Amino acid sequence: MIIKHLAFSILVLSSLVLAEAPRVVPEIADSIPHEANHFTQGLFFDGKDLIETTGQYGQSGLYRRTLDGRILDSARLAERYFGEGSIAVGDDIFYLTWKSKKAFIYSRKPFAFKSEFRIPTEGWGLTYWKNALLMSNGSSELLQIALGSFNVVGVIPVTDGGFPLKLLNELEMVGDTLYANVWQTGMIAVIEMPGGRVVRYLDFSRKVQEIKRKHPEADVLNGIAYDGKNLWITGKNWPYIYKIRN
């Protein structure tokens, strides 16, 4: 386990060591409660509600919650699935799994299972852009997946200073700007689309360290949502969701 963790650390460092884009430390404007037992994999706004998907075998689920923490609706995946990122399109919510190469479709409101489809790789993060699903898989490449056929119709490499940025995780699209968690770091990459160039990083490293000191069970930064004006962020098993000042 130590060797595996070291290998991941080296991969993260090699991905960021050649980074040229500037790092900005955003200001946190507010916070709301978050279920500390939620291993956050996907986060987005649906009107005034937050939709969250969680991971871990036997614990993966889909939740609709208010900003004060009330759960309005939920659905659970079968124990054999490890849930990942999600996004709503039209009347549907698309919910990835990690290693099963499968994604599920739920009705948006109320939650009800509708169908499933195959994905070509591991599923990590998911958003929607230019009439297609946009999926990360832990590499430096984003896959564009067509609705309906669910075929890969495009691949967008993400680079910083000409070098690939690996370990892209949870995604949030705002216009033609993509926000992506970089797994195992306190960084959110701000990516200019369609070129895939990183223009800056939002650096939450100090906040991550503070949370882990106070809450040892907290895991990595993961979860980005946009309410139409401000970004909100959280992490796996974090006790709070934070509003970022615009």
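This is a friendly conversation about a predicted model of a protein chain.

Biologist: Let's start with the whole chain. What makes the radius of gyration of the protein chain agree with that of a compact globule?

Modeller: With 246 residues, a compact globule would have a radius of gyration near 18 Å, and the protein chain has 17 Å, so the two agree. Along the principal axes, the C-alpha atoms fill a box of roughly 45 × 40 × 40 Å.

Biologist: And which elements make up the chain, helices or strands?

Modeller: Both are there: the protein chain has 2 helices and 23 strands. Buried residues make up 54% of the 246 residues. As for the accessible surface, the total is about 11200 Å², and carbon and sulfur atoms hold 52% of that.

Biologist: Why is Gly175 called exposed?

Modeller: The label needs a relative accessible area over 50%. Gly175 has 55%, therefore Gly175 counts as exposed. You will find Gly175 in the loop between strand S17 (168-174) and strand S18 (177-182). Its C-alpha atom is separated by 19 Å from that of Lys243, 68 residues apart along the chain.

Biologist: Then why is Phe163 called partly exposed?

Modeller: Buried would mean under 20%, exposed would mean over 50%, and partly exposed is in between. Phe163 has a relative accessible area of 39%, so the partly exposed label applies. Phe163 belongs to strand S16 (residues 163-164). Along the chain, Phe163 and Ala19 are 144 residues apart, while their C-alpha atoms are separated by 7.8 Å.

Biologist: What share of the contacts in the protein chain links residues 24 or more positions apart?

Modeller: Among contacts with a separation of 6 or more, the share is 46%. A contact here means heavy atoms within 4.5 Å.

Biologist: How do you know that strands S5 and S6 pair?

Modeller: Pairing takes at least two bridges between the strands. Strand S5 (residues 61-65) and strand S6 (residues 71-76) are joined by 5 bridges, so they pair. The two strands run antiparallel.

Biologist: One last thing, on charge. How many positive and negative side chains are there, and how far apart are the centres of the two sets?

Modeller: The protein chain has 28 positive and 26 negative side chains. The centres of these two sets lie 2 Å apart.

Technical notes. Residues numbered from 1 in each chain as written. Predicted model: local features only at pLDDT ≥ 70, side-chain atom pairs only at ≥ 80, totals over all residues. Heavy atoms only, no water. Helix = DSSP H or I, 4+ residues; strand = E, 2+ residues; numbered from the N terminus. Rg over C-alpha atoms; globule rule 2.2 N^0.38 Å. Buried < 20%, exposed > 50% of the residue type's maximum accessible area, 1.4 Å probe, protein only. Areas by Shrake-Rupley, 256 points an atom, 1.4 Å probe, with all protein chains shown as cover. Lys, Arg positive; Asp, Glu negative; His and termini not counted. Charge placed at Lys NZ, Arg CZ, Asp CG, Glu CD.
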